[in-house]
Amino acid sequence: MTDLTPAETKDRLKSLEVVTRRYDAQKPLLLSTNKAFADWGQVFPHAACVVTLVDRLVHRAEVIEIEAHSYRLKEAKELSATRTKQRRAKKH
């Protein structure tokens with residue numbers, strides 16, 4: 001699955017379908033997200049959809065929560081600082 005970000009309704013429903021199929025078949029599913037379960041309501045259109053997803057994901061799951069700094073955010077800040085320095089250097 002891709003990152004859980006706001007998307008078209010059909011894409012969100014596809015996510016539910018994938019999770020449901022894996023759950024029903026008792027097959028493994030690896031999911032990585034930067035959103036807490038409590039925030040999934042911002043991504044999925046209906047509360048029932050969120051409840052169903054979370055219920056199926058955690059029923060037979062091992063949830064590993066990693067509290068660390070985002071490498072993407074760090075790289076974005078570094079790139080922004082580099083670009084700012086380059087623009088300032090061009091002005092002088």
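Does E17 count as buried, exposed or partly exposed, and at what relative accessibility? At 39% relative accessibility, E17 counts as partly exposed, where buried means under 20% relative accessible area, exposed over 50% and partly exposed in between (1.4 Å probe, protein chains only). The model is predicted: local features need pLDDT of at least 70, side-chain atom pairs count only at pLDDT 80 or more, and totals for chains, interfaces and linings use all residues. Residues are numbered from 1 along each chain as its sequence is written, and side-chain values use heavy atoms, with hydrogens and water left out.

Side chains of opposite charge can pair when their charged atoms come close. Across the whole structure, a search finds two salt bridges, each defined as a side-chain nitrogen of Lys or Arg within 4 Å of a carboxyl oxygen of Asp or Glu. One joins the side chains of E17 and R21 (2.7 Å, N to O). E17 and R21 are separated by about one helical turn, because they stand four residues apart in helix α1 (residues 9–24); helices are DSSP runs (H or I, at least four residues), numbered from the N terminus. R21 is exposed, with a relative accessible area of 57%.

The side chains of E78 and K74 form a salt bridge (3.6 Å, N to O). E78 and K74 are four residues apart in helix α3, and therefore about one helical turn separates them. E78 is partly exposed at 43% relative accessibility, and K74 is partly exposed with a relative accessible area of 47%.

Helix α3 (residues 71–91) also contains R83, which is partly exposed at a relative accessible area of 45%.

Technical notes: Helix = DSSP H or I, 4+ residues; strand = E, 2+ residues; numbered from the N terminus.
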